[in-house]
Amino acid sequence: MPSGEEIQRALAGFVDTWRGYAGTEKSEAQTFLNELFACYGSERRELGARFEHFEQHAGFMDLFWPGICIVEMKAPTVPVATARAQIQRYWTESADFDADVGAARWIVICNFREFEIWEPGRFPTRAVTTFSLSDLPDRYDALAFLSGPTVEPNFTEHYRELTKEAAKTVAETYQALVGRAAAPGPVLQRFILQSVWCMFAEDLGMLDGFPFQSTLNELRREPDRSAAELGLLFRVLNQKGDHNRVGRLAGTRYVNGDLFAKPAEVRLERAEIDLLLTATGFDWRKVDPTIFGSLMEGVLGRDQRWERGAHYTHEVDIMKIVTPTIIRPWRERMAAASTPHEARDVLDELCGFRVLDPSCGCGNFLYVAYRELRGLEHELKERIRSLAREQGLPIPPGPWPFYPLQNLQGIDIEPAAVQIARVTLWMAHRQMIDRYGDAEPPLPLQDLSSIRRADALRTPWPETDCIVGNPPFQGAQHVRRALGDDYVDWLKREFGVGVKDLCTYWFRRAVDHLSPNQRSGLVGTNSISQNRARSASLDYVHERGGVITDAVSSQRWPGDAKVHVSIVNWIQQPTESPALRTLDGVVVEAIGTSLTSITSSDVWKPKPLRTNAGLCFQGPIPGNKYFIVDSAIATGLIAEGDADYASVVRPYLDGDDITSEPTQSAMRWTVDFGVLPLEKASAFPRALAIVRDRAKESSSGLKGLWWRFHRPRPAMRAALADLPRFPATARHSKRYVLTWCTPEVMATDATNVFAFDDDHSMGVLLSKAHEAWAWSRSSTLETRLRYTPTSVFMTFPFPDPVTDEQRERVAEASRALLSRRTEICAGEQIGLTKLYNAVDEGAWADLKALHRELDEAVTDCYGWPSAVAQDTDELVRRLTDLNREISEGGRPYSPFA
């Protein structure tokens, strides 16, 4: 599923394509809409949206998506307003009572240059938003429902470019101050945040007379007074009463004892004053607090570089958590209220609802949650009035509550992030008053001690009603280096699951903190659905009664690391089964902990099959680089006549050789004494001398079994000893590919090898069935397959052909495929990755046909119809059922006899 950043980038290309279109509506409307859906990562037909739908009284709809959307296209010369009467007819006819499908929620009118979006069920008399084609990349979340039927759009104008420019200007000011050490770091951070709030407050009428901007203008003539004059302004903002409120400070009011409790006094140079004056020129009423806060966190955080703040979390991605965890459940409760008094009771409950982000960072998840909860509050108040009018009942008396800012709770270990989060929410508070009406007074600023600095894993979490957030993405292999031995030892004692990706501990803590029927939505590295990390996170959610309601299995997340994440929402111990579950934007029956679609009968977790043991191995782990030798040394040693050096100096195959080399052969050499004792290794004196000399120079020296690999894999060596050849595959690769190896080859730990030498077994390993199983059962590294023998091979039920003809068909297909593959790689001098990239684009159709023949031959060995051969989901389902049948003793299993 694409991220907001990827959607925005795709739409920029879409705009470039269609910017100059001047043709008719009919000639290109369908192409335009298909490409528009594709920008959102969806396929129109798969979603059930169809072109040219006819209704008897309304006519032809250009696009009809039952229950979701109607699109009416017009030519570029036709104003969108001319279609408004037409779409009203379409909307009325779009409901299907017999099929229990309501009228379309959204109507879009588009003339290739402008979009007008309606929500007629709520607002029948005016469009909810209108924007131009050129504005589409910035307003992309207004059409977010094109990603899937459960995705909520957002009609807020974010002014992303304005916000980024404002943040950049403030960042340049901060960097200039840091560069000349104008004050200690914490003082400079306070100065920037106090200045930002003043600029925001002036534009929203909270500070009359623009005292911050006026002070800066005066200081251009006398910059040496800057520390005293701005310091005075900040001190006055922290004072009650009218003392010192004279002159340009006459319009100031008491703010509170938090933001300005420690007024920052910093002497500015003229260039820095000019930068701040430039910043005051932005319209801070339009600055988006979530984007600004994210960028400022990169600037003021531990890295202190603007480049670190070049990314922000798009709201369409935040909404993948906020919608199912907060918005949808409350909308259901609101819709269920059938009388004004019932709706009024729901309002009290809504305004008591607490949200916790235990890794809040700059507060952007909390900001979006607050904005949406205030919007729900506004909707619910309108519903109370509407129900009263419809039923002829009095409107329940007031005062009616509003959603309070203090219901937002956050924890973060970074002090700068906590301060930014508070400023972000104070900005949100004032903006939402303009949008949705009165709440707590904007001044003095509300107490946000509920957003606090702490290590979320080592501090008690406050009582709450839901948990959202984006825990840190530190991988398991980096945790010790980042946090230290003592912290890692504490994690192991506290959680009892060893060292995992750091985010997994937030999932466990959230599960333990939630009460029955409460919800959580968290972002995690995509390892949470894979192997050992899954057992510590999503399996733990399931074991404790959690039910996953909505998930994104994998998408890229913004930031320098370009990490791939999974997004998971669940209900803890629900008393009723959730009515709706979605995976990657598609409605499904249920979602498993591997973040795949399952049916109610899919509860089997594949188990290792004992018959498969001893047939698949990760290559040996050398532990040191000093075993590697170049080809000149290797060939020189092998040429020696006084010993069989070829038995200990061997081609050294790694994963890149398999995927990138045209011959799939080893490009390096290694000295490998296997499991020989030292006295027998001494029979190869020149090779042993090389290893000894290098070992002496290494940090470990001549300790332990220094002449052997760290893990020589004796079981692997024994299994391969009598085979004339064996298959090998890369452990990490974007594609699952195998190659035959000859006995003298030693595989590296970046490969897996299989103890087979027959063409039938090779064919099964090459088949779509085994590849589908590998992707479903193994973990991924970013978007690369990470094949693990224990979870993939050991659980894979091999076919047990009934006839020799079936077995030979697979063997022959395997030989033909590999022969043609070798021919192409040699002729084109390309590796397997480039070869199959080209096949995907349409090249070498004959090779693709050979793969299809092999896949069908393998499915025939299972006794399955040929139609199954290319259906990944069906293959995995059938293989899972077969694993269960074998594991439970319902079927004999001897495929290698």
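Trainee: Which residues are exposed on the other side of helix 16?

Mentor: In this predicted model, D486 and R493 are the exposed residues on that other side of helix 16.

Trainee: OK, and which residues of helix 16 are buried?

Mentor: Helix 16 spans residues 485-495, and its buried residues are Y487, V488, W490, L491 and F495.

Trainee: Why are those on the same side of helix 16?

Mentor: They cover an arc of only 160° around the axis, so they end up on the same side of helix 16. As a general point, an α-helix has 3.6 residues a turn, so residues three or four places apart point the same way.

Trainee: What do the buried residues pack against?

Mentor: The buried residues of helix 16 pack against helix 15, which covers 476-483, and against helix 17, which covers 503-513.

Trainee: And what follows helix 16?

Mentor: Helix 16 is followed by G496, a residue whose phi is positive, near 65°.

Trainee: Switching to the sheet, how many strands form it, and in what order?

Mentor: Nine strands form an open sheet with mixed pairing, and their order is 9-8-7-10-11-13-12-14-15. The edge strands are strand 9 (451-453) and strand 15 (586-587), each of which pairs on one side only.

Trainee: How does strand 14 join strand 15?

Mentor: Strand 14, residues 582-583, is joined to strand 15 by two bridges, and the two strands run antiparallel. Within that pairing, L583 stands opposite V586 of strand 15.

Trainee: Which helix lies across strand 9?

Mentor: That is helix 14, residues 415-436, which lies across both strand 8 (408-412) and strand 9, and runs at about 170° to strand 9.

Conventions
Residues are numbered from 1 along each chain as its sequence is written. This is a predicted model: local features need pLDDT of at least 70, side-chain atom pairs count only at pLDDT 80 or more; totals for chains, interfaces and linings use all residues. Side-chain values use heavy atoms; hydrogens and water are left out. Two strands pair if DSSP finds at least two bridges between them. Helices (H or I, at least four residues) and strands (E, at least two) are DSSP runs, numbered from the N terminus. Contact means heavy atoms within 4.5 Å. Axes are lines fitted to C-alpha atoms, for helices over the stretch in contact, and angles run from 0 to 180 degrees between N-to-C directions. Buried means under 20% relative accessible area, exposed over 50%, partly exposed in between (1.4 Å probe, protein chains only). The arc is that of the directions from the helix axis to the C-beta atoms.
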